[in-house]
Amino acid sequence: MALLIKNGTIVTAGEQYVGDIYCESETITRIGRNLEAPPNATVVDATGKYVFPGFIDTHVHVYLPFMGTFAKDDYITASKAALVGGTTTLIEMVCQGRNSSPLKDGFQFWMEQAIGKSACDFTFHQSVTRFDAQVEAELKEIVQAGVSSFKVFLAYKGAFGITDEELYHTLRLAKQLGVIVTAHCENEELVLQLQKKLLSEGKIGPEWHYWSRPPRVEAEGVHHLMTFAELTGAHTYIVHTSCKEALDEAMAARARGVNVWVETLIQYLVLDKSYAELPNFEGAKYVMSPPLRDKSNQEVFWNALRQRMVSTVATDHAPFDFKGQKEMGRDDFTKIPNGIPSLEDRVNLLYTYGVLEGKIDLQTFVDVASTQAAKLFGLFPRKGTIAPGSDADLVVYDPNYRGTISAKTHHINLDYNAFEGWEIKGRPSVVTVRGEVAVRDGQFVGTLGRGQFIKREPTHF
Ligand code: URP
Ligand code: ZN
Ligand code: ZN
């Protein structure tokens with residue numbers, strides 16, 4: 001199938017120019033002016049619109065057994081939502097429990113959730129929730145199968161969290177294999193003790209979640225990981241970084257030569273802790289870990305994106321309904337399933353509240369929402385840019401669109417939207433996945449099951 005996108009303003013992480021993009025057999029083959037297409041080609045007029053490389057979300061949960069329940073999406077709803085929002089590749093966390101054995105069954109299980117259902121391309125970070133000789137052998141097989149990133153949790157004691165001994169051996173193995181280790185950094189013991197203390201004082205509402213995980217708890221987690229990374233030489237990536245204290249720890253480590261990259265989330269850039277303080281348990285919709293922070297952190301993170309101290313903006317999409325799921329924690333904030341879903345809205349929010357408000361320029365927007373992800377996780381230049389030879393994953397973006405986010409119209413499987421009523425100035429008008437149009441004017445028109453597992457080679461030696 002041939003595709004010609006005509007006369008768009010092509011924006012990559014490095015440049016911006018007007019041109020045509022011609023794609024054949026899922027791949028971009030030519031970029032130029034006044035390109036011609038055969039009569040059977042799909043032609044998209046992008047006059048007055050931007051053409052971005054397909055966006056990549058580095059941190060997504062689709063299938064997630066967590067806190068006594070399951071995240072609401074599956075690959076049908078999640079991949080549709082991702083594509084409508086301009087995300088053409090997502091990286092999901094394989095999050096098998098600490099006691100599940102063998103580990104590679106978890107990997108197979110997560111793969112089965114996606115294959116045959118997903119409309120967008122996908123890959124995985126393989127969680128290491130335990131470490132022993134058997135796990136080591138299985139991890140080597142999983143890397144052979146095309147997964148070149150691990151995930152560790154320094155939080156969620158007893159569920160996903162690992163011991164220091166296991167952390168050390170995971171990082172050593174990762175270094176040996178050239179695999180990057182993504183990490184949730186919070187001191188799990190401090191969280192547990194602070195939760196107990198708050199509950200014993202009768203502090204049970206969602207607003208107290210923050211106080212069980214204050215910035216220093218996250219900073220300690222980052223400091224801890226950085227010490228282990230320094231002494232093993234492993235390449236590390238700190239997921240969902242929320243506050244200045246944690247960022248400072250990562251940057252101090254980077255300054256002394258530690259291999260570390262930092263992810264933040266769209267939620268931390270546009271929401272703050274006052275949302276989790278909303279009355280009548282509404283705050284539960286805004287409970288996630290690490291928690292939403294003081295508003296002053298937002299400027300720190302916009303600046304950190306401009307300076308590339310922070311490399312990526314992801315979502316940590318983890319959808320739990322308000323009714324029946326968030327409500328599990330009505331009398332105890334520690335039982336509120338953690339997560340603020342944003343898979344569908346990340347790109348539009350980053351454009352509207354980042355680019356249009358002058359916080360970041362268009363090149364930074366593309367870099368932190370697509371190109372850096374591709375580079376860090378072994379997808380570049382297949383994904384993350386617009387160039388001959390790259391996959392024809394393209395987002396024709398209409399900057400004149402005006403709309404409002406709402407649970408009534410979103411594609412995720414959730415009974416609320418944390419950004420209900422927020423104005424959006426711009427949205428994808430056409431989204432292609434390897435040359436096939438998957439979205440037109442906010443409507444999914446793609447093919448479920450066409451999404452591919454993208455194999456990745458280790459690059460972090
Ligand atoms: O609150 C969050 N972040 N929920 C998803 C699980 C995780 O820690 O990534
Ligand atoms: Zn996490
Ligand atoms: Zn997560």
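## Ground rules

In this predicted model, local features need pLDDT of at least 70 and side-chain atom pairs count only at pLDDT 80 or more, while totals for chains, interfaces and linings use all residues. Residues are numbered from 1 along each chain as its sequence is written, ligands are numbered from 1 in the order in which they are written, and side-chain values use heavy atoms, without hydrogens and water.

## The zinc site

Let's start with the zinc ion (ligand 3). Its protein donors are H59 (NE2), H61 (NE2) and D316 (OD), 2.0 to 2.2 Å away; a donor here is an N, O or S atom within 2.8 Å of the metal (3.2 Å for Na, K and Ca). Along the sequence, the donor residues follow the spacing H-x1-H-x254-D. H59 sits in strand β6 (residues 55-60) and D316 in the loop between β15 (312-314) and α11 (346-355), so the pair ties together parts that are 257 residues apart in sequence. Strands are DSSP runs of E with at least two residues, and helices are runs of H or I with at least four.

Both H59 and D316 are buried, meaning under 20% relative accessible area with a 1.4 Å probe, protein chains only.

## Where the domains meet

An automatic or database assignment divides the chain into domain 1 (2-52 + 386-401 + 425-444) and domain 2 (55-376). Their centres, taken over C-alpha atoms, are 31 Å apart.

Between these domains there is 1 salt bridge (a side-chain nitrogen of Lys or Arg within 4 Å of a carboxyl oxygen of Asp or Glu).

Definitions and conventions
Buried < 20%, exposed > 50% of the residue type's maximum accessible area, 1.4 Å probe, protein only.
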